[in-house]
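Me: I'd like to talk through the pockets of this model with you. Could you take my questions one at a time?

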Amino acid sequence: EAVERVAAGNSIPQLEKKAAGGDIQALKTLYGIYSSDRREADRALATLKKILAIVPDQKKHYEGDELYWDIMKKSSQMKPADAVRQIETAIAAVKSRDKNETLQILLARARFHAGEKEKAVAEIAGFIKNHPESKSLELAYENMFVMLMYAQDKDKALKFGMALLSKFPYNRNTLGYLNSTAMKCYREGEYKKAENVFRLLAQLSPASAVGTSGDFMHRAMTNGTAVKDRAAALRAAKSVLYVVPDVATFLAYISEWDAKSFFPVMIDRGTSLDRRLITKFARAFNPARIIRVTKSVNQELTEDFVRKAVLASFDERTWSDVEKAGPDEFKAFYAANKLAPLGIVCADTKAPGLRAGGAALAAGHAQLIDFHSTGMKNDSEIKYEDAEKIRLALIGKIAAWGYTYDAPFDEIEFVTLACDIPLQFKNIDHHKYCTDDLIIRRDNDVRWAYCGRLMDCDLTTSEYMAMCSLFLKPRNALFFNGYGGRKNFAHYSTAQAAAQLAAAKIFKVKNIGGKEASLATWQAMNKESNQYSMVFINSAGGASDWITAKGKATTADVPAESVPAIIHMTHSFSAANPYSVKTIGGKWISAGAYIYYGATYEPFISAFRQPGEYVTSILEKEPLSMVFRRRFGKPFWRTWRLVYIGDPLNTPAVKAVARLAATDIALRPGETEVGSVEKLFADKKNG
């Protein structure tokens, strides 16, 4: 209505200006506007008096309206018995049908509060039955609902509330009550009832915030555990590491994984980066055998070859045994094993390095794999329109598979970007946002999946990130609270979260907070390298500087070397350009981080979950891409400025995969066994 008025040149200020000059039509329009909202009783009454002062001969047309507005103003302050008498008098005097019907409902409510509960309920029920087209019908439903609530008849109230929502899906009072009822049932252990109410909220008011939240809760309660368990499910690992010369050979060896077991494969292209990362991974995995492969697989890196390698890894075949690896063959595998894909990897057709890690994660988690290329650089900045094109293109590819993807906890819940996509886009507000956080959203900005980004650059390799995530589990965790004792950051204290994580006895945990969390302490800990496989840092600053409780750190204070690690940094801009070692995020990834979570732009601290929140989720065995993200309706839950780099299905609190002996593996032509990782590179310069 407001839009229509403005379009006609009649906004409320314009109407009031005309009315002040005695424009009778403006006054009547204003009266109609104020009459539509009972809370505007004062303005409606004042406007009516002005109309009657100018055209007193129209008093009959507005007969009883002054009395009506007087009742509207006073009825809530009257004693119930007095309200009944005065409303009955007003009903006899008010000629307007709409206002008269409103008074009938208010009369029933007054009777209810005066103690005539049965009569009041009967009058409202009769009104609903006899006035199906009344403008006050929603008010009647709402009052019946309130009466049942006051009567403590929860079952009837719930049933009627559902009837109300089926007719008026945006009734805020009912939505709020039913949602709080569902939450109360959940807290009191009445899970089935809570689940049903959440489901009905989602069905009856799907486009409302409460309905969307109800949909999330219902799906979480019915399928959330299955999704988490599926994400955590990994095959037993053979205690062998294959080191191969190129991506094609890497994919061929990946295809040798089967339904029961798998083994790590790394690529040595002859670079110092490869040698460094292979050494880092091998020391953490500690295989019984290391086998160098010198014979390359002569195979072009086509999409068909990649899909064959991934599909073959699901069972006892190798890529050369697979005749077809199209959507039908993937679907047949899932149907035969009563599985859903759970996730999809989008691999870059023009980036062989990214294709390696992407295929490994698709194979390791038995996910779908598809292909996408933007032809853009990861560290470039694009416009919103370009980011939106990427979002729609990826959704189109995912939707084409025919699996449910756009709801919480459905058949595709995780997206791995093994493709070159610009990290940030500039929105119409001229601020920067994370592209990754946009492309897994529905049109209404509600998240439908959790996203992770693989990297392949001069800082790391995608296969290193994939192998670390699939085959390593964190052994220890460090919390470093650079906020010290600052009161305005008290909610982000790490002490309790660290104690909670330590009590689970899964990891060895160290917490450094208060004055102890100084630059000197940090530097003393990281002289040589970081030895913690999970690091949670609280700080503030920019892309290359960060505060401690005492002393300002820079990128130079991020250790140059680290054991394979998961890094979470509550800090502004740390991932502004993770492809550059000059930034905090880039330095951590260069040091050996295989998962990094941080801000691409100023996020504001409440965009990050508090330590106690994400530790609780870690211990509930959620995948980390879910662990770190804000939930629906929480601060900064919409498309924002935080990025998750790495495997989105990584679940650190799940037990390490079972280790199988590799004694039965026979060497083949082109394979040489190496006694240790040191001997692996003994013949290489700078090895």
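Reply: Gladly! This is a predicted model, where local features need pLDDT of at least 70, side-chain atom pairs count only at pLDDT 80 or more, and totals for chains, interfaces and linings use all residues. Residues are numbered from 1 along each chain as its sequence is written, and side-chain values use heavy atoms, with hydrogens and water left out.

Me: What makes a space a pocket and not a cavity?

Reply: On a 1 Å grid over the protein atoms alone, a cavity is a set of points where a 1.4 Å probe fits but cannot get out, whereas a pocket is an open set with protein on both sides within 12 Å along at least five of seven lines; lining residues have an atom within 4 Å of a point. The largest pocket holds about 1,300 Å³ of space, and 40 residues line it, with S36, D37, R38, T102 and L139 nearest its centre.

Me: Which helix gives the most to that lining?

Reply: That is α7, with seven residues.

Me: How is the lining of the largest pocket split by class?

Reply: There are 14 nonpolar, 13 polar and 13 charged residues. Ala, Val, Leu, Ile, Met, Phe, Trp, Tyr, Cys and Pro count as nonpolar, Asp, Glu, Lys and Arg as charged, and the others, Gly among them, as polar.

Me: And what about the second largest pocket?

Reply: About 950 Å³ of space lies there. Its lining has 30 residues, and F216, M217, A220, E622 and R631 are the closest to its centre. Here α13 gives the most, with 10 residues.

Technical notes
Points joined across faces, edges and corners; volume = space filled by probe spheres on them. Helix = DSSP H or I, 4+ residues; strand = E, 2+ residues; numbered from the N terminus.
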